[in-house]
Amino acid sequence: MKNSKITFWVSTSLFSLFMLFSAYNYIATEEMKEAFIYLGFPDYFRIELAIAKVLGAIVILLPFLSSTIRGFAYAGFTINIISAAIAHLAKSDPISSLGFILLTGILLFLSYWSSRTLNQR
């Protein structure tokens, strides 16, 4: 139980920090605006995705919310991570550029797995 709690809070905190940092960058930096253009996404999608990441990070950090609501946040983040990998691969970006996406995917999996483990007890 203690290991699951530690795994949950470390992975969820790191993942949420990554998502909040990326949401901030989506709004604040010109490089991210150019990256979305490069990937072929409309500019409004960058803003929508930033808002969704902030809301999702808040939802998975609040343990008193229902598991259904948190499940939707985990599903949304999973779709986001898979879609980001596909978008970069479709532009023929090198596999090495997917390192951050892979790291966030691992943290998301650990967070979800440990959350489910804690909820079963």
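**A tour of helix H1 and its neighbours**

Select helix H1 (residues 2–28) and helix H4 (residues 67–90): they pack at about 55 degrees, with axes 13 Å apart. Axes here are lines fitted to C-alpha atoms over the stretch in contact, with angles from 0 to 180 degrees between N-to-C directions. Helices are DSSP runs (H or I, at least four residues), numbered from the N terminus. H1 is therefore oblique to H4; under 35 degrees counts as roughly parallel, over 145 as roughly antiparallel, 65 to 115 as roughly perpendicular, and the rest as oblique.

This is a predicted model, where local features need pLDDT of at least 70, side-chain atom pairs count only at pLDDT 80 or more, and totals for chains, interfaces and linings use all residues. Residues are numbered from 1 along each chain as its sequence is written, and side-chain values use heavy atoms, without hydrogens and water.

Next, show side chains. Phe8, Thr12, Phe15 and Met19 of H1 meet Arg70, Tyr74, Phe77 and Ile81 of H4 (contact: heavy atoms within 4.5 Å).

Last stop: Ser92, in the loop between H4 and helix H5 (99–119). Check its phi: near 60 degrees, a positive value in a residue other than glycine. Ser92 is exposed, at 64% relative accessible area (buried is under 20%, exposed over 50%, partly exposed in between; 1.4 Å probe, protein chains only).

Methods:
Helices (H or I, at least four residues) and strands (E, at least two) are DSSP runs, numbered from the N terminus.
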